[in-house]
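Please keep the sequence and the model in view while reading.

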Amino acid sequence: MIWQNFMLALSKFFTFKGRSRRAEFWGFVLVTTLFSFAASFWDGIFFDGGEHFEKMVNLAFLVPSMAVSARRLHDTGRSGWWQLLAFTGIGLIPLVIWWCQDSDMDRNDYGNSPKYGIGKEDETYAEDQIV
């Protein structure tokens, strides 16, 4: 289930439009964190503590992370530009709160609710994508 959410988020690599559910967002965060830890482990073995693999993994997931974060903020009715708060350090607090919030039940400026399925059928997630 977590892997399916990760693959769903990854399949929308450059998609900054639309909405993402909490499960998709947090599944993506969990798997990318595990990949980063694994890369750090391999760096310790092959490069004596260097960060070569870890930097490559983080760079590979940079754009998909920004995209899924923007879609998650859209799902709570906020602009994806709010993720720039992360650069302030203290801005991570409201971001984490917003990422943990439930989806807007109704259609908002960013589309129909993927969780509640309110709106046109073709604009919501397919049944096999809802996890």
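The largest pocket in this predicted model has a volume of about 710 Å³. Its lining consists of 25 residues, and those nearest the pocket centre are Leu-62, Ser-65, Met-66, Ser-69 and Gln-83. Four helices, α2 (22–46), α3 (52–60), α4 (62–75) and α5 (92–100), each contribute at least two residues to this lining. Helix α4 has the largest share, with 7 residues. By residue class, the lining of the largest pocket holds 16 nonpolar and 9 polar residues, and no charged ones.

Two of the residues near the pocket centre, Leu-62 and Met-66, also belong to a nonpolar patch on the surface, together with Phe-14, Phe-16 and Leu-59. The accessible area of the patch is about 520 Å² in total. Leu-59 sits in helix α3. Its relative accessible area is 62%, so Leu-59 counts as exposed, the cut-off for that class being over 50%.

As for the chain overall, there are 5 helices and 0 strands, in the order α-α-α-α-α along the sequence. The chain has 131 residues, and 34% of them count as buried.

Side chains of opposite charge can pair when their charged atoms come close. The number of salt bridges in this model is 6.

| Salt bridge | N to O distance |
|---|---|
| Lys-12 and Glu-24 | 3.6 Å |
| Arg-22 and Asp-102 | 3.3 Å |
| Lys-115 and Asp-102 | 2.8 Å |

Lys-12 and Glu-24 form a salt bridge at 3.6 Å. Arg-71 is linked with Lys-12 and Glu-24 in a network of salt bridges.

Asp-102 takes part in two of the tabulated pairs, one with Arg-22 and one with Lys-115. In the salt bridge between Asp-102 and Arg-22, distant parts of the chain are linked: Asp-102 is in the segment after α5 and Arg-22 in helix α2, 80 residues apart. How exposed are these side chains? Asp-102 is partly exposed at 33% relative accessibility, and Arg-22 is partly exposed at 30%. In the salt bridge between Lys-115 and Asp-102, both residues lie in the segment after α5, so the pair ties together parts 13 residues apart in sequence. Lys-115 is partly exposed, with 30% relative accessibility.

Definitions and conventions: Residues are numbered from 1 along each chain as its sequence is written. This is a predicted model: local features need pLDDT of at least 70, side-chain atom pairs count only at pLDDT 80 or more; totals for chains, interfaces and linings use all residues. Side-chain values use heavy atoms; hydrogens and water are left out. On a 1 Å grid over the protein atoms alone, a cavity is a set of points where a 1.4 Å probe fits but cannot get out, and a pocket is an open set with protein on both sides within 12 Å along at least five of seven lines; lining residues have an atom within 4 Å of a point. Grid points are joined across faces, edges and corners, and a volume is the space filled by probe spheres set on the points. Ala, Val, Leu, Ile, Met, Phe, Trp, Tyr, Cys and Pro count as nonpolar, Asp, Glu, Lys and Arg as charged, and the others, Gly among them, as polar. Patches are made of residues with over 30% relative accessible area and no salt bridge: like charges are joined within 9 Å, nonpolar side chains (Val, Leu, Ile, Met, Phe, Trp, Tyr) within 5 Å. Accessible areas come from the Shrake-Rupley method with a 1.4 Å probe; for residues, only the protein chains shown count as cover. A salt bridge is a side-chain nitrogen of Lys or Arg within 4 Å of a carboxyl oxygen of Asp or Glu. Buried means under 20% relative accessible area, exposed over 50%, partly exposed in between (1.4 Å probe, protein chains only).
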